[in-house]
Amino acid sequence: NLFIEGIPPKFNTMQSLSGHFGRFGEIVNVQIQPERKLAYVQFRTHEQAKRAISSPTAVFGNRFIKVKWARYDPPSKVAKDNAPAATTPAETPKSEKSDEETKKEKLRKAIKKEMMLQEIQKRSLQKRIDLQKRLLKMLGNKKLTPEMRTKLKTQFETISKEIEKSIQETKERKERMEKMKQEEMTVGQGQTNSIKIIGLPADLQEDTILKEHFNNYGTVSAVDFKENNAVVTFSNHVEASKAMAEGSKLLEFQLNIVLEEPSGASDNKNNATPEVETVEYDDQLIAKEEEYPDSDNSDDDKDEEAAWRR
């Protein structure tokens with residue numbers, strides 16, 4: 001963090017200082033005080049700042065402009081004059097743009113990882129469903145020995161439980177991705193004070209029920225319903241974020257909550273992470289053994305049994 005003093009007013013601007021000192025490295029923050037003819041310039045690294053302070057070239061060609069290391073303690077003279085103290089590197093606020101870009105990048109990486117895991121899980125689920133169907137076909141063979149039928153039933157029950165678990169995990173992963181995409185779109189577009197409940201059960205579509213529940217996480221100022229969705233507005237973004245993170249369980253229902261898109265954020269949807277193609281698995285795919293009657297004895301049954309024994 002560098003301290004520059006003696007800067008003529010016409011040069012003491014964000015643009016001029018960034019243009020001059022930007023040649024030495026990446027600038028993360030500039031603070032100017034034109035009335036006092038001074039400024040603070042913060043670089044990304046110490047090495048970059050060292051190059052700037054060691055440069056023999058006069059700042060703006062003016063040898064009266066001095067460049068020094070910013071002090072970690074506020075100068076006593078400045079404090080006595082009740083003037084703003086020199087900002088130390090630890091006190092200097094980070095660039096909002098830099099923070100937003102970093103957050104967006106982290107979200108994009110997390111979304112990409114979820115997309116990859118979702119694809120792997122989708123393939124694994126399909127393999128289990130295919131295996132379940134083969135087991136059901138084999139269980140329909142009347143010539144199975146009791147011992148073989150018992151083994152097949154055990155494996156059928158195991159694979160059915162795995163399918164149910166995998167379907168639930170797929171739904172949860174999709175919900176996480178939707179929340180991350182919503183968050184990505186809101187970065188840099190203002191903070192929303194509202195949450196959106198998608199697919200709200202009919203039993204909960206009353207503002208008194210939702211207000212009583214979400215008042216545990218903040219002050220609810222409004223509840224609006226649209227079709228099967230509801231928008232709950234809080235007094236600030238912190239309360240809305242807390243409600244989204246902690247308020248998804250209401251009575252025996254699990255709510256699908258996302259941050260409501262703030263006004264103006266829709267203009268930037270084209271820059272959001274593209275939708276990943278997902279496959280919805282109906283619970284009916286989890287076939288039950290009793291739904292399949294015994295099949296006739298056929299060559300296919302014999303081939304399946306022989307293959308199983310091998």
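## Exercises on a predicted model

The protein chain exposes about 19400 Å², and carbon and sulfur atoms supply 48% of this area. The model is predicted. Its protein chain contains eight helices and 10 strands, and buried residues make up 35% of its 310 residues.

**Exercise 1.** Describe the open sheet of four strands and the helices that pack on it.

*Solution.* 
- Step 1, strand order. The sheet runs β6-β7-β5-β10, with antiparallel pairing.
- Step 2, edges. β6 (220-226) and β10 (256-259) each pair on one side only, which makes them the edge strands.
- Step 4, one pair in detail. Six antiparallel bridges join β6 and β7 (residues 229-234); in this pair, Phe225 stands opposite Ala230 in β7.
- Step 5, helices. Helix α6 (residues 207-214) touches β5 (194-198), β6, β7 and β10, and its direction makes about 140 degrees with that of β6. Helix α7 (residues 237-246) touches β5, β7 and β10; its direction makes about 155 degrees with that of β10.

**Exercise 2.** Locate the largest nonpolar core and state which elements give two or more residues to it.

*Solution.* 
- Step 1, members. The largest nonpolar core has 20 residues, and those with the most contacts inside it are Ile195, Ile197, Leu210, Phe214, Val232, Phe234 and Leu255.
- Step 2, elements. β5, α6, β6, β7, α7 and β10 each give two or more residues to this core.
- Step 3, one member. Beyond its neighbours within four places in sequence, Leu255 contacts residues including Ile197, Leu204, Phe214 and Leu250.

**Exercise 3.** Compare Glu227 and Leu251 by phi, by place and by exposure.

*Solution.* 
- Step 1, background. Most residues other than glycine have a negative phi.
- Step 2, phi. Glu227 has a positive phi, near 55 degrees, and phi of Leu251 is also positive, near 55 degrees.
- Step 3, place. Glu227 is in the loop between β6 and β7, while Leu251 is in the loop between β8 (249-250) and β9 (253-254).
- Step 4, exposure. A residue counts as exposed over 50% relative accessible area. Glu227 has 70%, so Glu227 is exposed. Leu251 has 60% relative accessibility, so Leu251 is exposed.

Definitions and conventions
Residues are numbered from 1 along each chain as its sequence is written. This is a predicted model: local features need pLDDT of at least 70, side-chain atom pairs count only at pLDDT 80 or more; totals for chains, interfaces and linings use all residues. Side-chain values use heavy atoms; hydrogens and water are left out. Two strands pair if DSSP finds at least two bridges between them. Contact means heavy atoms within 4.5 Å. Axes are lines fitted to C-alpha atoms, for helices over the stretch in contact, and angles run from 0 to 180 degrees between N-to-C directions. Buried means under 20% relative accessible area, exposed over 50%, partly exposed in between (1.4 Å probe, protein chains only). Accessible areas come from the Shrake-Rupley method with a 1.4 Å probe; for residues, only the protein chains shown count as cover. A nonpolar core is a set of buried Ala, Val, Leu, Ile, Met, Phe, Trp, Tyr and Cys residues joined through side-chain atoms within 4.5 Å.
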